[in-house]
Amino acid sequence: MTNIDKPAAGSFCWIELATTDQTAAKAFYSALFGWTPDDSPMGPGEFYTIFRVDGRDAAAGYTLRADQRAQGVPPHWMPYIAVESADQAADAAKQLGGTVLAPAFDVMEAGRMAVLQDPTGAAFCVWQAGKNTGIGIAGVEGTLCWADLSTTDVKRASDFYSALFGWQIAPGENDKSGYLHIKNGEDFIGGIPPAQYSQPGVPPHWLAYFWVDDVDASAVKAKGLGASLYLDPMTIENVGRMAVIADPQGAAFAIFHSSRP
């Protein structure tokens, strides 16, 4: 277990669920990961849920707004990336060919954020920490451990994120699969699968991975709780075991357990 006091710039610092049934989602993830939900009012009839592990922030969730649903936004997990300045990151993203979906704005005293889209169409947020620095725990059941970018234009996406966050994006040593690893500073934080693995009709997106102690048992449990398995548990040689799941409302995520010590 690792306690995180402040995520490094360029790291995935927050992961947020947008759902159509927040109460059902709280029950599902609490049962699956052992998360403890804590609700805070956002407005009339609205609340924001922070999910905690061992008393530390691990993830969050909210109900999709009417305007988002009208635009056809489905339930999804949204990654946040830590930056020193949300305003500068948004400006840089635009200059690099990205789209600013929501210009930088303050989230009360918690921090400042912007909602962006890379040039290939995948959405993400940038987070300039105020009182809330982000995820506070890693390396235990139910904590964010990785994120994959699904895109049909790997080079364009790689160039964009490398320029925006200073990420090093390259194949692993002796890895002939075409999978690219994302390295932020000295830490490997995610990857980009080859474009041929992108599902037809599914727009570019980020897929969050959560650490579990037993992938097979967690997959069975998720299915029993009403989830669907997009990818049955499988082993990645010399890496670990994983599965891809859609929660009962349709938000996709992956679970993972490393085979490395």
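1. Which residue in S4 is the bridge partner of Gly43? The answer is Glu46. Keep in mind while reading on that this is a predicted model. The pair belongs to the contact between S3 and S4, which run antiparallel and are joined over seven bridges. On the chain, S3 covers residues 36-43 and S4 covers residues 46-53.

2. Now zoom out to the sheet around that pair. Eight strands make up an open sheet with mixed pairing, and reading across you get S3-S4-S5-S2-S6-S9-S8-S7. S3 and S7 sit at the edges with a single partner strand each, so one side of each has no neighbour in the sheet. From one strand to the next, the twist averages 25°.

3. Two helices to look at on this sheet. Helix H1 (residues 22-33) packs on it and touches strand S2 (12-19), S3, S4, S5 and strand S6 (76-82). The direction of H1 makes about 5° with that of S4. Helix H3 (residues 86-95) also packs on the sheet, with S7, S8 and S9 as the strands it touches. For H3 the angle to quote is with S8, at about 10°.

4. Back to S3 and S4 for the charges. The structure holds 10 salt bridges, and one of them is formed by Asp38 and Arg52, with the closest N and O atoms 2.7 Å apart. This pair links distant parts of the chain: Asp38 is in strand S3, Arg52 is in strand S4, and they are 14 residues apart. Are the two ends buried, exposed or partly exposed? Asp38 counts as partly exposed because its relative accessibility is 33%, and Arg52 counts as partly exposed because its value is 24%. Asp57 comes in as well: salt bridges that share partners join Asp38, Arg52 and Asp57 into one network.

5. Two further salt bridges deserve a look. Asp106 pairs with Arg112, the closest N and O atoms being 3.0 Å apart. Asp106 is classed as exposed because its relative accessible area is 52%, and the cut-off for that class is over 50%. Glu109 pairs with Lys131, and here the closest N and O atoms are 2.8 Å apart. As background, side chains of opposite charge can pair when their charged atoms come close.

6. There is a further open sheet of eight strands to go through. Its order is S12-S13-S14-S11-S15-S18-S17-S16, with mixed pairing. Strand S12 (168-171) and strand S16 (228-236) are the edge strands, each pairing on one side only. The twist here averages 25° from one strand to the next.

7. Strand S15 (residues 205-211) and strand S18 (residues 252-258) run parallel and are joined by three bridges. Which residue in S18 does Trp211 stand opposite? That is Phe256. Helix H5 (residues 215-224) packs on the sheet, touching S16, strand S17 (240-246) and S18. The direction of H5 makes about 10° with that of S17.

8. Next, the surface. Tyr230, Leu231, Met234 and Ile236 form a nonpolar patch there, with about 330 Å² of accessible area together. Ile236 counts as partly exposed because its relative accessible area is 30%.

9. Last, some backbone angles to check. Most residues other than glycine have a negative phi. Asp54 has a positive one, near 55°, and it lies in the loop between S4 and strand S5 (56-63). Asn238 also has a positive phi, about 65°, although it is not a glycine, and its place is the loop between S16 and S17. Where do the two stand on accessibility, buried or exposed? Asp54 counts as exposed because its relative accessibility is 61%, and Asn238 is exposed because its relative accessible area is 60%.

Technical notes. Residues numbered from 1 in each chain as written. Predicted model: local features only at pLDDT ≥ 70, side-chain atom pairs only at ≥ 80, totals over all residues. Heavy atoms only, no water. Pairing = 2+ DSSP bridges. Helix = DSSP H or I, 4+ residues; strand = E, 2+ residues; numbered from the N terminus. Axes fitted to C-alpha atoms, helices over the stretch in contact; angles between N-to-C directions. Contact = heavy atoms within 4.5 Å. Patch = residues over 30% accessible without salt bridge, like charges linked within 9 Å, V, L, I, M, F, W, Y side chains within 5 Å. Areas by Shrake-Rupley, 256 points an atom, 1.4 Å probe, with all protein chains shown as cover. Salt bridge = Lys/Arg side-chain N within 4 Å of Asp/Glu carboxyl O. Buried < 20%, exposed > 50% of the residue type's maximum accessible area, 1.4 Å probe, protein only.
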